[in-house]
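Try each task before reading on.

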Amino acid sequence: MFKKTAIIFLAFIYFTTNLFAAEVDFKGKTVKWMVPFAVGGGSDKWARYYGPLLSQNLPGKPNVIIENCPGGGSITCTNQFAALPAGDGLTILGDSGSTKFPFLLEDPRVKYNYNDWLKTVVLVSPTGGSTYVSPSTGYKTTADFQKLKTVELKFGSQGATSLDLIPMIAYEILGLKVKHVFGMTGRGDGRLAFERGDANLDYQTSSAYLKVEETLVKEGKAIPMFSWGIVNPDGSISRDPTFPKLPHFAEYYEQVYKKKPSGPAFDAYKAFLGSGFSAQKMVFLPKGTSPEIVKVYRDAFTKIINSPEHKASDNDEIGKYLQISGNNSEAVLKNTINANPAAKAWLKKYLSDNYQVKF
Amino acid sequence: MIDALISSLSLIFSGPHFLYLLFGVAFGIVIGVLPALGGIAGFSILIPFIYGMDKVSALAMLIGMTAVIPTADTLSSVLMGIPGGSSSQATVVDGFPLTKKGQAARALSASYIASLVGGIFGALFLTAIVIIAKPLILFFGSAELFMLGILGISMVGVLSGSGMAKGILACGAGVLLSTMGTAPATGELRSTFGSFYLYDGIKIAIIGLSAFAIPEICDLLRSNAAIAQKEAGIGRGWFRGVLDVVEHKWLVLRSSVIGVIIGLLPGLGGSASNWISYGHAVQTAKDKSKFGKGDIRGVVGPEAANNANEGGGLIPTLLFGIPGSGSMAVFLGGLTLIGIQPGPNMVGKDLYLTYVCVWSLAIANVVATGAMFFISKPISRLATIPFGLMAPFMIMIIYFAAFQSTFTNNDLYTLIVLGGFCTLLKYFNWPRPAFIVGFVISDTIERYFYQTLQFNGWSFLHKPGVILLAIIILISIYFGNKKASDFQIRKKATQLKSIFSYNVQYIFLGLIYFYFLYVVIDSASLTYLGGIWPLAISASMFMFMTYIIFFNKRMLSDLIYINYSKNEGRDFLISFLWLALPIALSAVFGFLISMIVTFYAILKYKTRASFLKMNLIIIGCLSLLLGLAYSMNLSLPRGLLQSIIKLPWPFG
């Protein structure tokens, strides 16, 4: 009798512990979300938007804290994260376009490899942007494009290897004569320069562009040209859902040149558009994290994305973009980081020839 | 407009909004009183809690907090010589000497009243100007901002006093230190000594702590006396301070104008307004001889300016969504979290929210001034206790402040190296304000000079704003040079105290000389746009120094301070080692263990505290440290030990 009870008891213990072992539970734990940027920046706001929601949707409702570890243009902290062991799923990293660019441009300071995170990416947050020009250039509609090509355009840029690289490639492919004035400390600076009349060409990311549309475009002080577009998981470009009426870059090119854009420059545009905008911000677990834990995170983010609160939210960091979680995020990441070598070579040559960027 | 003003006022007093405002004020005072914690830290702690809060309550709380920081952070600037934040660095220059002279009460009350005037002025300005601010902000383009930078650097003249050569060299060193890191025009790395950490340059907060806090603590550790002279204590001049503001009412008003205008312009920041108004106070004074030694005008001017700055700074943030400072950037992040969209709507359909800010600003300033008077009296007695007992707390708080940049030991290494440099500046009688002004203004000049040349070409010189500012600069230089101030404590000493002191100073000069040379070589290898500014400055500094060293013996002897003796040097070295010790320990054992060891060591060797008292002090300090770290989700800097074994928080 005693033996029997003992066996049943042991079996019970065995099964229940196994059951709990298989089920990831973060009850009473703290998840640390590393943000390699300063407090108050775009990535920080984004993480602070998702943080409380993630806490609600992970099993056991762990405490989610945001830890900012700025420095080295986000490379330092991401290097540290890359060196972490697989662990228990209690540390995650949220990156941004400026974390991916140095990786794509093979910066020697980068010690992380995005290929390591293909299996552990759990969220992809896209954004977009649109460019506009001042009517003082004589440009009113697409028909004036040939005229625009003869005007010297001035554009306030944050730097040749910043996110403003994407407009730089786009203008280059279009054959516009643009003087990039570097040293802007944010896109807001660029807009001020445009409003003052110092610059006559500018772009804003989605949420800020909506404001430009409300004011400058309405008052006739800015003429919209095109949006960057969104790179799809299959590599094609489609219209930006935030500005569905605006043609995207490839459409615009086709309109003015009567042919589709192609070649290494366009490939470079697509690759950097992907990592800079269409898949700008991502959340990762450390490489080698067990598939069970990854699944728990992907499920949690999928639940958040599909929740009515999230859909109703007018948070401008998130915009109208489809947030990607689940297995799709893997495809997007793969697409983003595997720029073809000819495109990379073209871009490096372009940057070092024109802007003395050293590689 | 009037309707909106009144309805916003009644909105603040309805429901729980006012309580949130008071909470924000109380919290802001705590953050402000603790040196080094400023708006950025305050917002970072509050923002996670505002998620989902009512707009008006959240706004009142955030504004209440940020409005009072420049009032509250005066306390540590005046009382301990530690800049309470980057916007009260200039206050230290004259505020701390007043405390040493036993006039802490006067300095504090004058600064609170000046802050109140500045704060109210800022709120009034915000009310009046917000509707027409847009053309004003657009008027200041890169050309005008560049000229403002020149105005700032022209202050170096009055800030160096009679030691002009020293002033220029110190300013040059400040400029070059600020060019460290990524070049604004090209993104190239400049003079980083190959260090990854210096990629982002050196933060202004660390420069402020290095220039003022470290040298003062060195001094105090050496003398081991109370900060304020025993017999005088903190003085009873609470009412005298109020009279000081009345006496210098025009200076206070002019400084408030400087504060709001600099706040209004994105890209200059609170530190610039504090320093420019300080320079202005010196320039416009008839008798400049007391500046740097405890002149009340050096307190009321900058203090009015930094409070007024808050009102001005809200304008670009609310109207354009462009933050004028680091803390405004965080505030902007907070606004989006509660669903407020900055932009033209803030003077349109959301005007009431703007006026909620105005009222919160005004009410917070009034409440904070009252509260500061109330709490200052007990707190300022700290200045009268022996320094050995204060030292652990001050060292901890300074280091805690320093590692706010990256939360690693690297911040501490930078602090101690620059702190050592600045301590030598102090001992060899160099004007540290000139050094800081160079650091603060350098980026403005470089960035906007380059931008304006690209945008406007040389024709920027014909812009009306540029001409106007040029005239202001000439006037300010004229007034500044009417009678030079004297930041140097020049005693009549004709014979040299020891050969040793000369040799040490020659080595120090040599180090500066080689730093200039290093930057010349480093920037010569950069592209034209990336290297021209540091190259121009370092080359002229190098040539200037070469001229002094080899061709002008009289100027060279001016660079050497004769009142410095060998004993002083030894004492200085010992107290400096006391400051370096915790950093070395932190590199090996992590920050927390290092603090525990340092505290016991200092209390044991520098005081006669009983074992019980020692433990009480240490427990008090550590609970403050851990409480702050916990509420900010911080891990303290880790050492070698933590890289070998995993330790639980807060050790690991």
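Tyr132(A) stands opposite Asp202(A) in S8(A). Before we build on that, some housekeeping: this is a predicted model, where local features need pLDDT of at least 70, side-chain atom pairs count only at pLDDT 80 or more, and totals for chains, interfaces and linings use all residues. Residues are numbered from 1 along each chain as its sequence is written, while chains are lettered from A and ligands numbered from 1 in the order in which they are written.

**Exercise 1.** Work out which strands pair with S5(A), and in what sense.

*Solution.* 
- Step 1: Helices (H or I, at least four residues) and strands (E, at least two) are DSSP runs, numbered from the N terminus; two strands pair if DSSP finds at least two bridges between them.
- Step 2: take strand S8 (residues 201-205) of chain A. Five bridges tie S5(A) to S8(A), and the two run antiparallel.
- Step 3: take strand S9 (residues 223-227) of chain A. S5(A) and S9(A) share four bridges, again antiparallel, and Thr131(A) has Phe226(A) as its bridge partner in S9(A).

**Exercise 2.** Is strand S5 (residues 129-133) of chain A buried or exposed?

*Solution.* 
- Step 1: count C-beta atoms, placed from the backbone. A residue is buried if 20 or more others lie within 10 Å of its own, exposed if 12 or fewer, and partly exposed in between.
- Step 2: conclude. Five of the five residues of S5(A) are buried, so the strand is largely enclosed by the rest of the structure.

**Exercise 3.** Find what Val212(A) touches beyond its sequence neighbours.

*Solution.* 
- Step 1: locate the residue. Val212(A) sits in helix H8 (residues 206-217) of chain A and is buried, with 22 other C-beta atoms within 10 Å.
- Step 2: apply the contact rule, which asks for C-beta atoms, placed from the backbone, within 7 Å. Leaving aside neighbours within four places in sequence, the contacts of Val212(A) are Tyr132(A), Arg191(A), Gln204(A), Val217(A) and Ala222(A).

**Exercise 4.** In what order do the strands of the five-stranded open sheet of chain A come?

*Solution.* 
- Step 1: read across. The order is S2-S1-S3-S12-S4 (chain A), with mixed pairing.
- Step 2: look at the edges. Strand S2 (63-68) and S4 of chain A each have a single partner strand, so one side of each is left without a neighbour in the sheet.
- Step 3: zoom in on S2(A). Strand S1 (residues 30-35) of chain A pairs with S2(A) in the parallel sense over six bridges; Met34(A) stands opposite Glu67(A), and Lys32(A) has Ile65(A) as its bridge partner.
- Step 4: compare faces. Val64(A), Ile66(A) and Asn68(A) make up the covered face of S2(A), whereas Asn63(A), Ile65(A) and Glu67(A) make up the uncovered one.

**Exercise 5.** Which residues of H11(A) are buried?

*Solution.* 
- Step 1: list them. Ile293(A), Val296(A), Tyr297(A), Arg298(A), Ala300(A) and Phe301(A) are buried.

**Exercise 6.** How many residues of each chain are in contact between chain A and chain B?

*Solution.* 
- Step 1: count. 37 residues of chain A are in contact with 37 residues of chain B.
- Step 2: find the suppliers on chain A. H2, S2, strand S7 (178-181), helix H7 (187-196) and H8 each give at least two residues of that side.
- Step 3: sort by type. Count Ala, Val, Leu, Ile, Met, Phe, Trp, Tyr, Cys and Pro as nonpolar, Asp, Glu, Lys and Arg as charged, and the others, Gly among them, as polar. The chain A side then divides into eleven nonpolar, twelve polar and 14 charged residues.

Terms used:
Contact = placed C-beta atoms within 7 Å.
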